[in-house]
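Please open the model in your viewer and keep the sequence panel beside it. The tour below moves from one selection to the next.

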Amino acid sequence: MFGLYSRNDIYNCDGKKIVEAGSLLDTITTDQDGKAVSVTDVPLMSEGYGTTEGARNSGDYYLREISVSDSYYKDEAEIPVHLEYKDAKTSRISAEAVKKNTQTAVEIDKLSIAGSEEIPGCHLQIADAEGHVIVSWISGDDTSVKTYDKLDESGYRNFHTSMDEKGNLFIGGLLHDAEYTLTETRPADGYVTADDISFVLKGSQDSQGSHDSQGSHDSQDSLGDTQTIVEVKDENGVYVASEDNKVVMKDDTTKIQFLKFADDSGELLGGAVIAVYDSAGNEVERFTTSGGEKTQLEKLLIVGETYTFKELEAPSGYKKASPVTLTVEDTGEWQSVQMTDRQIERIGNNSTPEGGTSPEGVPKAGIEADDTDAPQAPETGDHMRFAEMLFLMAGALAGMMHLRRKKRFYE
């Protein structure tokens with residue numbers, strides 16, 4: 001909306017002042033095409049104005065912006081309008097004025113916390129203070145952008161988005177001085193969910209007169225182009241200028257460490273072949289442990305998914321352990337999976353009794369050993385003597401029965 005104002009006093013044909021300088025003469029509102037027309041009759045410049053004495057009309061007016069959608073920065077710099085007689089053939093004198101408003105603009109970047117690479121596949125959204133999701137998208141996918149279906153009703157004008165080749169989203173037309181929250185609703189595979197970021201867009205303008213985000217100024221000089229200043233809320237709840245004047249959200253990675261222990265020594269075992277399966281039974285990783293070292297899986301497993309760690313081959317002299325499951329938590333901290341292999345017992349050895357402690361005093365803990373693949377030792381000792389006694393008793397009984405039948409035959 002614009003106001004048409006008198007630059008100087010206006011006089012009637014009798015030389016009487018009828019309008020004070022600076023008075024509002026008309027208000028006009030732009031249409032959907034951004035155009036507006038004032039049909040108010042105002043006096044032209046009087047003949048002899050500025051050269052002869054007496055009350056004369058200057059024909060000078062100005063337009064000033066009264067309001068504009070908060071998708072743009074209001075600029076109250078005056079637009080001069082001059083009207084004067086042309087010739088007898090011109091029945092209506094008109095003037096054209098142009099005002100260019102700067103729209104708000106912001107760039108949203110989705111980066112890895114470990115570097116500057118853009119992360120595709122993150123589900124993101126921006127909501128206003130009332131919780132309305134203004135825009136949502138998947139990083140790196142320009143076809144995924146969806147906008148609020150009541151943007152015009154909410155005061156937005158010419159709202160638009162674009163995505164560059166890196167997957168960064170550029171948004172034009174958010175409301176200035178309004179709080180928005182950037183939320184990650186689902187991280188990309190191998191990453192964890194980032195914290196929400198609250199931000200506001202402020203207007204800053206280089207000009208010959210002072211100017212704030214509401215467009216007020218203290219001079220009639222032309223103002224410069226308005227620039228968007230992005231401010232983000234820090235941990236203390238204070239809005240501060242963001243780095244590089246962008247909203248940058250960084251994701252940490254999932255981090256899993258696998259530890260394969262020996263039950264007899266408590267040391268980390270090498271040589272175990274481990275396969276990792278997702279909940280659908282698909283093998284996602286296979287590795288061989290190294291002695292004395294943890295196996296680290298970073299940016300591989302997905303938050304919320306449950307994985308099974310299965311030992312395919314045990315180190316020499318040890319039994320395979322039972323599978324272990326892990327549901328990946330939504331955190332950037334290290335999550336641990338532990339598996340313990342039992343040493344294969346041999347006849348006459350000094351192995352540690354089940355449930356005791358190793359020679360080094362390391363408690364026997366962790367996963368019970370799977371004995372299905374372990375070789376079975378032959379039976380010895382009391383079990384063998386009992387079987388031999390049964391065999392001899394059966395033979396003696398058979399001999400007694402044979403003698404009895406033979407005696408009856410002779411009788």
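Strands are DSSP runs of E of at least two residues, numbered from the N terminus. The model is a predicted one, in which local features need pLDDT of at least 70 and side-chain atom pairs count only at pLDDT 80 or more, while totals for chains, interfaces and linings use all residues. Residues are numbered from 1 along each chain as its sequence is written, and side-chain values use heavy atoms, with hydrogens and water left out.

Select residues 2-6 and 60-65: these are β1 and β5, which pair in the antiparallel sense over 5 bridges, where pairing requires that DSSP finds at least two bridges between two strands. Within this pair, L4 faces L63 of β5.

Next, turn to the second largest pocket, which holds about 620 Å³ of space. A pocket here is an open set of points on a 1 Å grid over the protein atoms alone, where a 1.4 Å probe fits, with protein on both sides within 12 Å along at least five of seven lines; lining residues have an atom within 4 Å of a point. Its volume is the space filled by probe spheres set on the points, which are joined across faces, edges and corners.

Select I197, V247, V248, M249 and K250, which lie nearest the centre among the 27 lining residues. Finally, colour β17 (247-251), which gives the largest share of this lining, 5 residues.

Key
Helices (H or I, at least four residues) and strands (E, at least two) are DSSP runs, numbered from the N terminus.
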